[in-house]
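Good morning, and thank you for coming. Please have the sequence and the structure open while I speak.

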Amino acid sequence: MKYSSGFKIWHWLNAIIILGLLGTVFLRKTFLSYRENAEILLQKLAEIGVTVTLEQAKVLAKAIREPMWEWHIYLGYALAFLVIYRIVLYFQGAAKKEKFATLSLHKKGVESLYYILYASLFFMSITGLVMEFHELLGISKELSHDIKELHELVFNVILVFVPLHIAGVIIAENREDKGIISELLHCEKKE
Ligand code: HEM
Ligand code: HEM
């Protein structure tokens, strides 16, 4: 299997951006969780003699989360561009692959996982952009909220793929497919 330089750049940018997107989700659900931070704010403000309601504390906690979450949107735009770029690369034949039918059962499984990931990335980009531009698109808040539930559901596919993929290529590197990782890292020297 041989990859073009464009494909290699695509892979590593894609890897960085997806890890970044997962990072923003991690922060949103842990250190910058507005529910937990609202409780902290409520308690700490009370200690210095300021009483606020839980609703007010939630507004503050969401304001603290906001600048971090903007990165989800920036990285999201970058992902949407990379998805388009991957379609261009497909038509350029940037990854020379063996015919699916001739692959071993294991390799068929690996390839299928990539197809599931590509479909998921496409779905995440569309739903993410639709949520971000719901007002412009004339989509109600309720529908945008339902789309968010689907976006969050498919997020799990990506969450499972990433560690499985990284562990998989490391195992392959150490067993039957020596050089599989360096092949994706090296730039071809022009003669
Ligand atoms: C950071 C550690 C990573 C390493 C060492 C790595 C390594 C590799 C290698 C060696 C391949 C070729 C495997 C093969 O021939 O079947 C590959 C393919 C691929 N990787 Fe990664 N990867 C990493 C992270 C990621 C991440 C975070 C993503 C995105 C979720 C990703 C998405 C993909 C995709 C979609 C392919 C298949 C490309 C294709 O054949 O169409 N990789 N990776
Ligand atoms: C691999 C790609 C992505 C992953 C794993 C991902 C993950 C998530 C998750 C888990 C949530 C729900 C957060 C929560 O409510 O706790 C979310 C929300 C959201 N995502 Fe993504 N996302 C991805 C791509 C995108 C893209 C491409 C965009 C488009 C710019 C985007 C825009 C949004 C928006 C607007 C929300 C709603 C935030 C809110 O309700 O305040 N996401 N994302």
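What we have here is a predicted model, in which local features need pLDDT of at least 70, side-chain atom pairs count only at pLDDT 80 or more, and totals for chains, interfaces and linings use all residues. Residues are numbered from 1 along each chain as its sequence is written, while chains are lettered from A and ligands numbered from 1 in the order in which they are written.

Helices are DSSP runs of H or I of at least four residues, numbered from the N terminus. Two packed helices are described by the angle between their axes and the distance between the axes. Axes are lines fitted to C-alpha atoms over the stretch in contact, and angles run from 0 to 180 degrees between N-to-C directions.

The axes of H1 and H3 come within 9 Å and cross at roughly 155°. H1 is therefore roughly antiparallel to H3, a term for angles over 145 degrees. By class, their contact has 15 nonpolar, six polar and three charged residues. Here Ala, Val, Leu, Ile, Met, Phe, Trp, Tyr, Cys and Pro count as nonpolar, Asp, Glu, Lys and Arg as charged, and the others, Gly among them, as polar.

H3 and H4 pack with their axes 9 Å apart, at an angle of about 135°. H3 contributes Ile73, Gly76, Leu79, Ala80 and Val83 to the contact, and H4 contributes Leu121, Phe122, Ser125, Gly128, Leu129 and Glu132. These residues divide into seven nonpolar, three polar and one charged.

Now to Thr24, in helix H1. Thr24 touches Met68, Trp69, Trp71, His72 and Leu75, leaving aside residues up to four places away in sequence, where contact requires C-beta atoms within 7 Å. The C-alpha atoms of Thr24 and His72 are separated by 5.9 Å, although the two residues are 48 apart along the chain.

Lastly, the ligands; a residue is near one if its C-beta atom lies within 6 Å of it. Among the 18 residues around ligand 1, Ala15, Ile18, Tyr114, Val169 and Ile180 come nearest. That shell has 15 nonpolar, three polar and no charged residues. Of the 23 residues around ligand 2, Gly76, Met124, Gly128, Met131 and Phe155 come nearest. The shell around ligand 2 has 13 nonpolar, five polar and five charged residues.

Key: Helices (H or I, at least four residues) and strands (E, at least two) are DSSP runs, numbered from the N terminus. Two residues are in contact if their C-beta atoms, placed from the backbone, lie within 7 Å. Angles under 35 degrees count as roughly parallel, over 145 as roughly antiparallel, 65 to 115 as roughly perpendicular and the rest as oblique.
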